[in-house]
Amino acid sequence: MRAVEIQEYGGPEVLRVVETEVPAPGAGQVSIDVAYTGVNFADLKARADGYRVPALPFVPGLEVSGRVRALGAGVTGLAVGQEVAALTQSGAYADVVVADAVTVFALPPGVDLRTGATLPTVLPTAYALIHTVGRLQPGETVLVQGAAGGVGTVLGQLASAAGAGAVHGVVSSAAKAEYAREHGYDEVFITSSTPPSASFVKEVREATDGRGVDLALDPVGGETLRASLDSLAPFGRLVSFGNASGAQPWQVGQPDLYPLALSVSGFSILTLAQTSPTELRTLTERAFQTVVDGVVSLPVTAEFALPDAAKAHRLMGTRTSTGKLLLRAHGTNGPADLA
């Protein structure tokens, strides 16, 4: 079978297609004939910086859709040939991948394989940020960094559906701002720097009559995360769910939190998959239901054949893409590449 492998760290050019053995599932695992693989920013960090890479060579990829190929010992509730979506620890840039059965989910009725590949990381993450960790209440205001990305696209829709008083987003271009407004955002602030500058704090205060927002969701880290904290209203909550900036972590303490009774928390779907997979399963099933109910949709804005994974990385690396990027695998017939 084919797999896209990293043999050294670097730019998109280090992604190489190799022929390798088809993996067999161990106890409690499932092997999947991959139809589509989702491309995530974590894949770029793995390729460039070794993020979550235990050793080289390494096959990236955290989410797939496809059909069950084989069941490992002790696996119940799934069947060979069944259409599924799965969260993986790695290895999804391939024709066949192995995943723990607890993170393999039967596709809901009416959800096709192409849509299914957009769900395993983005949708549960967004659902947790709004409902489980962020605990958004009707009438509250929200601020989202990266509002036009995959998670940002879903966050806008979920927040709006949850009755948010206003949903504010931060993006890097006018085109992304227009896209975000089409997916649940009431007001979008543009910052051209990477990572985003702290200028959005003033705009957030002006948009909220000086009060700030009740919930801020931040995947960027560094100074952007601190600026998100500065954007909070009394009793506001800040949730960190990534460190795209690569900045060193900073600490928040009593002097930062006590004056306005603020809260800071975090979320990582990959870590939750390791520490509490049953909680992740419950969360994911609830999140998937929002697609079935028509509350959420995540546009696939570009799709590439598996051997063209480097092209997908280059596009995502420009930070101009919106929505979700996919790779086609295992002979799937799909539309022509969109970018």
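Q: What makes a residue count as being in contact with L217, leaving aside its neighbours within four places in sequence?
A: The test is that heavy atoms come within 4.5 Å. In this predicted model, L129, I130, V142, L143, V144, Q145, L155, V239 and F241 are in contact with L217, once neighbours within four places in sequence are set aside.

Q: What makes a group of residues a nonpolar core, and which residues have the most contacts inside the largest one?
A: A core is a set of buried nonpolar residues joined through side-chain atoms within 4.5 Å. The largest such set here has 56 residues, and L155 and L217 have the most contacts inside it. Helix α3 (residues 122–132) gives the most to this core, namely seven residues. There is also a second, separate core of 39 residues; among its members are V53, V84, A302 and A310. As background, nonpolar side chains tend to be buried together in soluble globular proteins.

Q: Why is D214 called buried?
A: Buried means under 20% relative accessible area. D214 has 7%, so D214 is buried. This residue lies in strand β11. Apart from residues up to four places away in sequence, D214 touches E140, T141, L232, A233, G236 and R237.

Q: Why does F235 count as exposed?
A: Exposed means over 50% relative accessible area. F235 is at 62%, so F235 passes that mark and counts as exposed. You will find F235 in strand β12.

Q: How do you know that the peptide bond between L56 and P57 is cis, and what is its omega?
A: The bond that joins L56 and P57 has an omega of about -5° and is listed as cis. P57 lies in the loop between α1 (41–49) and β4 (63–71). In general, most peptide bonds are trans.

Q: Which residues of helix α7 are buried, and what do they pack against?
A: G222, T224, L225, A227, S228 and L229 are the buried residues of α7 (222–230). They pack against β8 (141–145), α6 (200–207), β11 (213–218), β12 (232–240), α8 (254–257) and β13 (263–266).

Q: What covers the buried residues of helix α11?
A: The cover includes β1 (2–6), β2 (15–19), β3 (29–39), α1, β14 (300–305) and β15 (324–328). The residues of α11 (309–317) that are buried are A309, A310, A312, H313, L315 and M316. After α11 comes R319, with a positive phi near 60°.

Q: Which residues of α1 are buried?
A: They are A42, D43, L44, K45, A46 and R47. These buried residues pack against β1, β2, β3 and α11. G50 follows α1 and has a positive phi, near 80°.

Q: Why does the radius of gyration of the chain agree with that of a compact globule?
A: For 339 residues, a compact globule would have a radius near 20 Å; the chain has 20 Å, so the two agree. The C-alpha atoms fill a box of roughly 60 × 40 × 35 Å along the principal axes. Of the 339 residues, 53% count as buried.

Q: How many helices and strands does the chain have?
A: The chain has eleven helices and 15 strands. Among contacts with a separation of 6 or more, 70% are between residues 24 or more positions apart.

Key. Residues numbered from 1 in each chain as written. Heavy atoms only, no water. Helix = DSSP H or I, 4+ residues; strand = E, 2+ residues; numbered from the N terminus. Rg over C-alpha atoms; globule rule 2.2 N^0.38 Å. Buried < 20%, exposed > 50% of the residue type's maximum accessible area, 1.4 Å probe, protein only.
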